[in-house]
Each structure stands twice: as structure tokens, then as C-alpha cells.
Amino acid sequence: MSELRKEILQVVVVLVALVFIIKLFFIQVADSRYAEMADSNAISKETDYPFRGLIYDRHGKLIVYNTPEFDLKVVVKDMAAFDSARFCDVFRISREELRQKFRVMKARKEYAPVKPTVFDHQLSNEEFARVQDHLDEFPGFFIHARTGRSYTTPVLANALGYVSEITKTALEKDASGFYKQGDYVGQSGIEGFYEEQLRGKRGVRYKLRNAKGVIKGSFNQGRYDTLPVPGQNLYTGIDLDLQTYGEQLLKGKAGSIVCIEPATGEILALVSGPSYDPNLLTGRRYGSNFALISSDTLKPLFNRPLMAQYRPGSIFKIAQAMTALQEGVITPETRVRCDRSIINCHGGHSNEDLRGAIANSCNPYFHNVLRRMLNKGITNDPFTDTRLGLTEWNKHVYSFGFGKPLGIDLPNEKSGLIPTPEYYDRAYNNRAWKFSNIYSIAIGEGENLVVPIQMANFAATIANRGYYYTPHLVKAIGENGQPLPQYQVRHYTTIDSANFLIAVDAMQAVVERGTGQYRARLKDIIVCGKTGTVENEPPLFDHSVFIAFAPRDNPKIAVSVYVEDAGQGARAAASIASLMIEKYLIGQTQRPHIEQYVLNGKFTD
Amino acid sequence: MKREEKISANLDWATILLYLAMVLAGWLNIYAAVYDESTVQSIFTFSVNSGRQLLFIAAAGLIVMSIVIIDVRFYETFAYVMYALLMILLLLVPFIGKEVGGNKAWIGIGSFGGQPSEIAKFATALAMAKFIGSVGFRMDSLRNQAVLFALIGLPMGLILLQKDTGTALVFTSLVLVLFREGMSPFLLIVGICAAIIFILTLLVPNQLYLHLGVGAVLILFIALGKKKIKRIMLLISGALLISVVIESVDYVITDVLKPHQQNRVKALINPDADPLGYGWNVTQSKIAIGSGGFSGKGFLNGTQTKFDFVPEQSTDFIFCTIGEEHGWIGSVLVIGLFVALLLRIMFIAERQKTRFARSYGYGVFAIVFFHFVINIGMTIGLFPVIGIPLPFFSYGGSSLWGFTILLFILLKLDSHRSQMLQRL
């Protein structure tokens with residue numbers, strides 16, 4: 001048997017070899033088709049780049065558009081001996097640069113003498129016009145046009161993002177196989193987030209080349225060719241005038257302004273200060289400018305509205321008030337004596353009810369409210385009791401959209417921080433903690449961290465009396481399109497809308513007779529707002545915070561303003577917020593002195 | 001000195017000559033594959049593949065010398081240890097390896113790198129041979145069979161973790177060793193039947209016809225054979241099983257195979273459906289080989305392999321260069337070299353006096369045979385594109401060294417075959 005098996009294997013080897021030899025005979029000798037195909041085979045693939053989608057503001061004003069860019073390419077195999085002095089003259093480079101460019105080109109991994117290779121990137125229109133007429137003197141060289149981005153205004157840089165060549169790491173990660181080295185791809189901002197919608201579909205043309213590489217026409221009458229499909233235009237909710245105004249107001253200051261339309265969640269303005277001109281990151285200057293901007297100590301690439309995590313300060317008292325009302329530990333009529341022995345306060349008030357406490361931003365009141373909230377006396381053990389209370393409290397606070405990224409349509413959104421029992425266990429190394437250890441969260445200090453977009457979303461939630469749409473920049477993909485599905489869902493908080501009405505009243509009181517009355521009150525519009533002054537390390541001034549929405553009924557705009565190191569919330573932030581509201585609702589300010597006050601920027605004198 | 005002379009005299013020089021012929025032919029073709037007339041570079045230039053391959057060949061020479069010098073007992077004594085070490089290395093690859101061409105099978109120490117999976121082949125063959133050669137081994141014991149399948153399955157699994165399906169599949173060829181050593185051919189037949197049914201399912205658009213065919217064959221068998229209840233039941237259940245397999249093919253194609261693997265199977269069945277998409281490799285490879293004609297375009301005169309039409313031209317698709325530049329004659333010659341080598345390996349295996357050495361010989365046979373069949377089969381469109389190299393021809397250090405070790409351990413064992421007998 002085993003001898004026979006050996007024979008079987010020998011026969012199998014010979015049989016396989018015979019099959020191969022016969023198959024080879026068929027394709028090599030009997031069938032001349034392959035030889036013909038080889039002559040004309042050289043199919044080369046050319047890519048047609050589509051137009052990238054344009055970006056508009058809410059009134060149809062163009063923000064981002066395409067401009068042609070010209071790459072100088074060369075097929076080294078087709079290059080003839082040329083006069084290098086003449087070449088340097090035409091292209092205005094030195095001989096050393098010329099040698100350097102060839103060295104760099106040949107060192108690239110994908111370089112092959114038969115393939116078109118980029119010799120020089122992104123010639124400007126003028127350069128293109130200059131060299132165009134002389135190109136025929138240098139066989140092998142040709143111009144390849146593609147499109148880059150331009151911006152109609154120098155605003156909104158961080159929200160828009162930019163377009164640049166795909167990085168090596170991104171290329172390796174790209175599982176779709178869509179990109180090739182040298183392709184442009186949206187980086188950060190809308191350009192990055194909506195890359196798939198903006199980029200469109202590339203067209204492909206198959207050309208026949210003979211064995212020498214000369215093009216002989218299209219392959220199979222262009223049966224496999226595809227036309228490029230332009231990317232989809234994006235219609236944002238941004239109000240370009242409001243955005244520009246916001247950037248003016250924030251000039252020379254560090255901080256952020258976020259404006260949202262409460263009824264839809266559309267972002268009206270997203271201002272990050274300091275910022276940069278997006279036109280700096282286009283064309284040939286991209287490389288040097290990017291290095292400059294990214295090394296700037298003021299961090300203009302740091303998109304504060306969604307990346308800066310701040311302590312919220314007193315604006316957080318509104319969330320505290322509603323949580324406590326919902327849990328039934330206070331009523332709107334609950335009065336607390338302003339006992340300043342544990343926690344300090346400001347202004348002259350002594351025994352306020354809830355509305356008064358919000359209007360005057362009374363610290364001891366909310367210290368007391370949080371104690372009622374966290375220590376309900378469910379157990380006698382104060383440690384366990386606080387833990388139970390905090391868990392309950394977390395549930396409500398999270399429902400406002402705090403403590404996790406909201407999921408807006410921009411990359412790199414930060415989550416902020418809402419401390420949980422597990423968080424304190426870690427912070428205290430598993431030693432016991434109770435209310436008296438953590439009470440600073442009562443007034444928005446302590447461990448709480450929120451990002452400005454969350455503050456604006458919070459204002460929008462109050463404006464809506466209890467729900468929000470996730471804030472988003474793009475309100476329509478393509479003309480008459482829809483936003484992404486996740487932006488069409490209402491998110492309800494755990495708080496009854498009746499309790500929101502109390503918050504609305506109190507916020508109206510803040511502006512009419514409380515901490516916000518001097519700079520946030522408008523003549524014909526009922527503004528609801530709340531100030532915040534966030535402690536900072538002396539000698540730096542406190543951070544100035546304000547959230548607001550207006551008008552009180554059927555609100556059209558919700559705002560959050562955060563100005564770093566600018567002192568009281570009632571000054572810088574309240575002024576800026578009210579100016580933004582005026583600008584959006586009326587079109588201009590009726591209080592030039594407030595505008596001047598903000599532009600002068602001396603908030604702490 | 002005298003002892004060394006004796007060793008070299010006992011080595012099988014016919015095999016060594018075949019080996020040298022293949023390595024030399026491979027080297028010349030690697031040069032041809034990357035040759036570019038506009039920037040003529042010498043075959044010895046280290047910046048092109050052919051120059052580096054020469055270094056690999058020199059290193060292979062050192063490996064051969066070490067294998068010949070090491071005491072012959074080493075290979076049997078340390079078979080399990082080497083196996084274990086390589087399995088650990090394979091296990092580590094996903095963590096310390098770097099990704100080359102979509103597979104994470106490459107580990108590097110400084111600028112030196114290699115694929116442990118190539119080296120694992122000989123270790124697995126050696127470990128299997130040692131187990132088969134051990135005292136009291138019986139092939140018909142289920143337990144022994146289980147151990148052998150585990151020995152094969154372990155490296156396969158570990159290599160699959162590196163997403164290197166091609167190399168993992170190579171290990172299935174070791175089942176041939178079990179076949180030679182007396183295992184019932186049932187499994188082999190079932191495997192081949194399954195493959196045939198699988199391909200039939202892809203070729204026949206309507207699966208109903210296949211089911212009807214199975215039914216017809218079933219009735220034929222029942223009518224012709226003895227009409228015993230037990231036999232009929234067995235046949236019916238067998239036919240049902242085949243029908244289930246047919247039904248599951250669709251599932252396997254769409255859900256188990258990854259998209260690029262699906263495309264390779266599709267390209268095999270009908271490469272003309274999308275000649276510029278998934279059929280690209282096969283189409284280009286066939287054009288290159290087919291354009292060679294009877295006697296080829298001549299050394300360095302190929303056009304297809306140079307314009308980057310054929311991918312992986314110096315590694316997995318090296319046969320294209322041979323077919324294009326040396327035509328049908330050259331291809332037949334290369335296939336002839338492989339047939340001669342395979343038959344010679346089998347001859348050497350059969351003349352071993354121990355079960356260990358014979359099994360190892362068949363392990364070498366099985367691995368080289370599998371590579372030969374799959375690699376050439378894929379370049380001429382008979383098998384789906386599975387990225388494994390053509391032994392001794394393809395560019396690459398790991399592959400060349402792996403096959404060199406595999407072959408020369410056999411030659412070393414062979415040169416001591418009379419001593420081995422004395423030891424027993």
C-alpha cells in the first residue's frame with residue numbers, strides 16, 4: 001500500500017507539471033491574443049480630480065471655494081538633454097535648487113522613470129502663466145492642474161479646518177484605498193469631518209500606451225472610463241456677519257464665543273480667539289505658514305469652543321437649581337440665609353429665595369442646595385449617603401450634555417468633566433469622601449469642567465425649556481439637503497419643563513435686576529442670562545463667563561461667552577454676549593459705548 | 001578535515017546542482033524584473049533587488065555550511081525545542097512585528113528583518129517527523145493523529161493572526177506526509193471533493209443544477225451497489241452533506257472571506273469581468289507570460305514586467321518574467337527543474353532508513369510542491385492569487401533561507417542515513 005502511495009504522489013507531480021505546460025502552451029504559443037494585448041496593453045490610468053464641495057453660510061454667502069493650482073510634473077524617461085541654465089532661468093531657481101529637486105524626487109518611494117512624478121508643487125497663477133509658453137522647450141515636463149481651497153473671508157479658520165496633502169500615517173491607516181500619496185484631504189474642522197461628502201468621486205480614464213509609453217488613445221473606446229462627480233456643497237448654519245463681528249469683539253483676547261439657534265441646534269457663530277487667517281494654509285505657503293502657526297505660543301490652532309475645558313463657575317448654579325427642584329429637595333420659595341462662614345459671597349443680600357439667589361448668584365444658597373441634594377439622609381452613613389446623592393445628581397447633570405462630547409460635526413471635541421463617585425474614589429485614593437470634601441462643585445468650581453460649546457448648548461436647552469438638538473455647523477448637505485441624521489433628534493433632559501420655566505424667570509431677573517443688569521440688558525429685547533466669574537490663580541484675573549438666550553419667548557439665539565483672565569462675568573462676557581444678541585436680532589448695536597468698551601478690552605480697570 | 005570530506009562526499013550532489021541552478025536562474029530573473037534600460041544598473045548594485053538577492057544567496061551559503069557542520073543528531077534531538085521557539089516567535093510577531101504589504105508578518109532587528117513564518121515551515125516539518133518517528137507511534141491511533149494535526153494547526157493559527165493567509169495555507173500541505181505514512185486517504189479525498197464542489201458552485205450559476213446532479217449521482221450509486229439499508233442511509237446522508245456544503249459556499253464567499261480574497265476567487269472564475277479591477281493582477285500576469293511566445297523576447301527584453309503592469313514582479317510574480325523573456329521553452333525548463341527536484345526529494349525520502357528522516361523528507365516535498373503548484377498556478381490563472389513565493393526563485397531573504405534550511409537539513413540527514421541505522 002505504502003509503495004503505491006509513493007507512486008500516486010509521483011504521478012500527481014508529473015500530472016500537475018503537464019497541466020501547467022499545456023496551459024502555458026495555450027497562452028504562449030497557441031493563442032496570439034496575449035502578444036497583441038501586450039503590444040497595446042500598456043494601459044495607463046489617469047485620474048480626474050473632482051471639484052471639492054463648496055461651503056456656504058446660512059444666507060447662502062460663499063465661505064470656501066476652489067481655485068486652480070498647478071503642479072509641474074515630469075516623466076524622466078521622456079526627458080531630453082536640456083539646457084539647465086535656460087531651465088533655471090525660466091523657472092527662476094538656482095542650479096543647486098534644480099539638483100536638489102531632482103534628488104528629492106528620485107528619493108521618493110513611488111518614483112519610477114516611466115511614471116509622471118511631481119517636480120514642483122502648487123505653482124501660482126502668475127508662475128504658471130510665465131512658464132507655460134516655455135514648457136515645449138523641455139520635453140518630459142508638463143503641467144497638471146488640480147484645485148486647492150480659498151476662503152472669502154479671514155474668519156472661522158478653526159471651524160473650517162484646512163486641506164493639505166495626506167500624511168504618510170493617514171495613508172497607511174486608510175482602509176478604503178481611496179487615497180494615493182500626494183492627494184489632498186481635509187484636515188480638522190468641517191473639511192476633515194465632512195471629507196467624504198466634500199471630496200466627491202474621482203473619475204478615471206484608461207489610456208493605451210505602446211511598449212514605448214506613447215499614448216495611443218483610450219482603452220476599449222472608454223468603456224471603463226468614469227467621469228468625476230463633484231463633491232457635495234455644504235450649507236452651514238453660520239451667520240457670516242455675526243461670525244465676523246464675534247471675531248472682531250474677541251480680537252486681542254483669549255476665549256470663545258458660541259452662538260446656537262435653539263430650535264434647530266444650528267451653530268450661528270463659533271469664535272475662537274486667538275485665530276488665524278485660513279488663507280494662510282493654502283497653496284505653496286502652506287508648509288512654512290503651518291510651522292509658524294502651530295508653533296505660536298498663543299495657540300491659534302487650539303479650537304477653544306470645543307477643546308478648552310474650563311470650570312463653568314456660577315452659570316452652573318442654574319443646573320444645580322433645576323436638579324434640586326426635580327429631586328424635590330427645594331421649591332422655588334425655599335429661602336436660605338446668606339451665611340458666609342463656609343463659602344464666601346458678594347453683593348448685599350441676606351435671605352433670598354431661589355430666583356433671588358440666582359439673580360444675585362448667592363454662593364451659600366447653592367452650597368446649601370447641593371447639601372440637600374447629596375445628603376438626603378437615605379442612610380445614616382454620610383459617606384454612603386453622599387455617594388447615593390452624587391449618583392442621582394450625575395444622572396441629571398449628564399442629561400444637560402455635560403461630561404461627554406456632545407458629538408458636534410467637528411473633530412477633536414473634548415468631553416469636559418462631571419465628577420462621579422468613581423472619579424472621587426480615584427482622586428482620594430479610595431479613602432472615604434463626603435459632602436464636605438466636594439462642595440465646591442455646588443458653585444461650578446472644584447472638579448467640574450465644561451467646554452464652551454456645552455455651555456452654549458446648555459443655554460439653548462433652557463431656551464427650549466428642556467431639550468436640545470446636538471449643535472452642528474452643517475444644516476444641509478447639498479442644496480435642499482438635510483443635516484446628518486444624528487442632528488435631527490431631540491435630546492430631552494431629565495428635568496420637567498415646569499422647572500425650566502423657573503430657571504427662565506431667574507435668568508431674566510439676572511439681566512433685569514441682578515448681576516447682569518449693567519451690560520447685558522437690552523432696550524426692546526428680553527434677554528435671559530447668567531454670569532459666571534471663575535477663580536483663577538492670582539495674580540491672573542478671574543475668567544469672565546456669560547450664558548444667555550433671547551428673546552425670552554420663542555428664543556432665536558443662545559450664546560456662551562468665555563473670556564480668559566478678564567475678571568467678572570458681568571463685564572467682558574456679559575457685554576460680548578449681549579452685543580452678539582443685538583447683532584443677530586437687530587443687525588447692529590444700539591449701545592456703541594458697550595461695543596467700544598469691549599473693543600478697548602480694559603475689563604479689569 | 002577527513003571527516004568533512006566524507007560529509008561532502010555523502011551529500012546528494014544531484015539535488016545540490018538542481019538547487020544551484022534554480023537560485024542562479026532566480027537571481028538573473030530578479031535582475032531582469034527590475035531592469036530599466038534608461039538607468040542601467042549592474043546586477044551587483046545593492047540598491048536594486050538583484051544586488052540584495054546576491055547578499056541573501058551568500059548568506060544562504062553560510063546557512064548551508066552551518067547545517068552541514070552541525071552534528072546530525074541535533075535536528076532530531078532539538079526538533080521540539082526549535083518548534084517551540086518558533087511558535088513563541090510567531091506569537092510575538094503581532095506585537096513586535098511591522099506591517100509590510102498588509103500582512104504583519106515581518107520582524108526586524110535594526111535594519112535586518114525577516115519573516116518567522118518562512119522559517120517555521122522546517123521546524124514544523126521536523127517536529128512532525130520526530131513525532132512520527134517516535135517509538136510506539138501508530139498512524140491509525142486517533143490520539144496520534146490529533147497530535148499531528150495540532151502540530152500543523154498551531155503555526156497555521158498563529159500565522160493567520162498575522163493576516164498572512166497564503167503562508168498559513170502552506171501548512172495544510174503537510175497532510176501529505178500523513179498520507180504517505182499510512183493515514184487513511186479518506187480525509188484527503190474529502191478535502192479534494194470539497195474543493196471541487198466549492199469551485200463547481202462558483203462556476204455553475206444556478207445551484208439547483210448542482211443539487212440535481214448530486215441527486216442523480218446518489219440514485220446511480222444506490223441502484224448500482226448492494227441494496228443494504230445501512231449503505232443507502234450512509235449515501236443519503238453523504239449527499240445531504242454535500243448539498244449543505246453547496247448552500248454554504250455563498251455564505252463562505254460573502255461572509256468569511258475578506259473582500260480582497262473574494263475578488264481573487266472571482267478573478268479566477270472570470271478575470272475578464274473586471275480586467276482593470278480585481279482581474280488586474282491575473283490579466284496582466286497572463287498577458288506578460290502569454291506575450292513571451294514560444295522562445296521568449298530574450299533576457300532583459302521584456303516589456304510587460306518593466307512598466308509596472310505586473311505587480312510584485314520580483315517576488316510572487318517572478319514567473320511572469322521567466323514566461324515573458326524565455327517563452328514556453330524557458331517555462332517548461334523551469335517546470336522541469338521543479339519536477340526533477342520534487343522527484344529527487346521523494347527518492348531521497350524513500351531511501352531513508354528511519355521513519356523520522358523519511359517523514360521529514362516528505363514534509364520537504366509537500367511544502368515545495370505546494371508552493372510550486374500554487375505560485376505558478378496563480379500566475380497562469382489556474383489558482384486564485386495567493387501571495388506565496390516561488391521556491392528558490394523569488395526575491396527575498398526569508399523565503400530563500402527558509403527553503404535552503406528545509407532542503408539542506410534533508411540532505412544532511414540523508415548523508416548520514418547509514419549511521420542512523422547503526423544508532424538504531
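**Cores, rings and a helix**

In this predicted model, the charged end of A:Arg490 sits over the ring of A:Tyr467, 4.0 Å from the ring centre. A search of the whole structure finds 40 aromatic pairs over all chains. It finds 0 disulfides. The largest nonpolar core has 113 residues.

**Charges over rings**

- A:Arg490 is placed over A:Tyr467, with 4.0 Å between its charged end and the ring centre.
- A:Lys299 has its charged end over the ring of A:Phe302, 5.4 Å from the centre.

**Aromatic pairs**

- A pair of aromatic rings is described by two things: the distance of the centres and the angle of the planes.
- The search over all chains gives 40 such pairs.
- Take A:Tyr365 and A:Phe366: their ring centres are 5.3 Å apart and their planes meet at 65 degrees, so this pair is edge-to-face. The cut-off for that label is over 60 degrees.
- Both A:Tyr365 and A:Phe366 are buried.
- Ring pairs also link A:Phe87, A:Phe91, A:Phe102, A:Phe119, A:Phe138 and A:Phe141 into a cluster.

**Nonpolar cores**

- In soluble globular proteins, nonpolar side chains tend to be buried together.
- Within the largest core, of 113 residues, B:Tyr360, B:Phe365 and B:Phe372 touch the most other members.
- Setting aside neighbours within four places in sequence, B:Tyr360 contacts residues including B:Phe122, B:Ala125, B:Leu126 and B:Ala129. Its contacts also include B:Ile405, B:Leu406, B:Ile409, B:Leu410 and B:Leu413.
- A second, separate core has 97 residues, among them A:Leu281, A:Cys338, A:Ile418 and A:Ile547.

**Cysteines**

- A disulfide is a covalent bond between the sulfur atoms of two cysteines.
- The cut-off is 2.5 Å.
- A:Cys259 is buried, with a relative accessible area of 0%.
- B:Cys320 is also buried, and its relative accessible area is 0%.

**Helix α16 of chain A**

- Helix α16 covers residues 382-399 of chain A, 18 residues in total.
- From first C-alpha to last, α16 reaches 26 Å, close to the 26 Å expected at 1.5 Å a residue.
- Buried residues of α16(A) include A:Asp385, A:Thr386, A:Gly389, A:Leu390 and A:Trp393. A:Asn394, A:His396, A:Val397 and A:Ser399 are buried too.
- An α-helix has 3.6 residues a turn, so residues three or four places apart point the same way.
- What covers the buried residues of α16(A) includes the chain A helices α13 (316-327), α15 (363-374), α17 (421-427) and α18 (435-438). The strands β15 (467-469) and β17 (490-492) of chain A are also part of that cover.

How values were computed. Residues numbered from 1 in each chain as written. Chains lettered and ligands numbered in written order. Predicted model: local features only at pLDDT ≥ 70, side-chain atom pairs only at ≥ 80, totals over all residues. Heavy atoms only, no water. Core = buried A, V, L, I, M, F, W, Y, C linked by side-chain atoms within 4.5 Å. Buried < 20%, exposed > 50% of the residue type's maximum accessible area, 1.4 Å probe, protein only. Contact = heavy atoms within 4.5 Å. Phe/Tyr/Trp six-rings, centres within 6.5 Å; stacked < 30°, edge-to-face > 60°. Lys NZ or Arg CZ within 6 Å of the ring centre and 35° of its normal. Helix = DSSP H or I, 4+ residues; strand = E, 2+ residues; numbered from the N terminus. Expected span 1.5 Å × (residues − 1).
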